[in-house]
Amino acid sequence: MNIKKALQGSIKQFESHNIPSANLDAEVLLLEVLNISRLYTNNISEDKHDILSTFQNDNFKLERSWIYAHNDYELTGKENIIFNNYITRRLKQEPVAYILNRKEFFGYEFFVNENVLIPRPETELIVKEVLEIIKNKKYFIKQYNLIDIGTGSGCILISILNELQKNNYLKLINQSIAIDISKTAIEIAKANAKKYNFENNIKFINGDLTKEINQKLFSDSNDYIITANLPYISNDDYEQLENNVKDFEPKLALASGIDGLDDISALLCSLSKVMFKNNQNIYILLEADPNQIDYIIKEFDIYFKKKESTIIEDFSEKNRIIVTKIGF
Ligand SMILES: C[S@@+](CC[C@H](N)C(=O)[O-])C[C@H]1O[C@@H](n2cnc3c(N)ncnc32)[C@H](O)[C@@H]1O
């Protein structure tokens, strides 16, 4: 079968299964097959990527325009088999990011699989805000400690470090810590850190935030920036999620109790028990559902005396990110 027929056939199948963006998905998946085929020229037996192969040979990759310029290219037997396998997976609603084992976030590519949440565009706002905080610092006397709680793929922290490095601001960071309750997520975050050469810059902790957020974690006298895109979907809403999310992404990364606030509340409660030092600023950046924002602000009021919060809207103009500065 040639490229033209392969594309036409798969688009038709996607459309009949109501897969959104049928054309784009078909093109992206076909391109992936051709690129893998080039990587393992005579040795293409697996459809599953491993972490390293996903990241290798970026220079080697064909662009989408290639498939249109080579419409009559005949897929090899192995390319056909793999393409059909991808199509079957997509028809079962598996997200393209899991089929490709990667997702772009803040312009950087992250390895993802079913053990981590696929990074969402609105979460990029957390990265943007952290960079603003660091950039707007008036006096560069103190450094920052970065703590990313519920790190998943590590996309938030690694993107921040990448951007700081690009602007020569990495020297402003004293230490970076990534925490996740999921052991497999921590392994993936480590692999992503390795890809961007930050494996020695980040301390990875596999544990529950209620245990890991303690006095010892805050023993340094520099300021802290805490980022947390924790699960915030209520148990009921979780049951109503679309199959392409519920059947593939980890429940641990999505659902958080009756009102979706178990993890965020636990984080604020744990932080409230830490004795911060005088003249220390603690910035907390949380992602939440627009309906949860008022409740979270009230929790901040209960737990912390001196604080100020700003709400950031997402791309649909809904309140999504809370940036709170706690000063001591
Ligand atoms: C919504 S995902 C976010 C992943 C990543 N930070 C992102 O933005 O794409 C939430 C993450 O929090 C982790 N998590 C859930 N409960 C936790 C807890 N009690 N302590 C630490 N991590 C937790 C999950 O394993 C998951 O990786």
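**Aromatic rings**

I find Phe-105, Tyr-108, Phe-110 and Tyr-196 together in one aromatic cluster. Before going on, I note that this is a predicted model, where local features need pLDDT of at least 70, side-chain atom pairs count only at pLDDT 80 or more, and totals for chains, interfaces and linings use all residues. Residues are numbered from 1 along each chain as its sequence is written, and side-chain values use heavy atoms, with hydrogens and water left out.

How many aromatic pairs does a search of the whole structure find? I get 8. For a pair, the ring centres of Phe, Tyr or Trp (its six-membered ring) must lie within 6.5 Å; planes under 30 degrees apart are stacked, over 60 edge-to-face, the rest tilted.

I looked at Trp-66 and Tyr-73, which pair edge-to-face, with 5.8 Å between centres and 70 degrees between planes. Next I took Phe-300 and Phe-304. Their centres are 5.9 Å apart and their planes stand at 40 degrees, so I log this pair as tilted.

**Accessibility**

Are Phe-300 and Phe-304 buried or exposed? Phe-300 is buried at 1% relative accessibility, and Phe-304 is buried at 4%. My cut-offs are under 20% relative accessible area for buried, over 50% for exposed, and partly exposed in between (1.4 Å probe, protein chains only). Tyr-73, at 22%, is partly exposed.

**Cysteines**

Cys-155 is buried at 7%, whereas Cys-269 is partly exposed at 25%. I then searched the whole structure for disulfides (cysteine sulfur atoms within 2.5 Å). The search finds 0.
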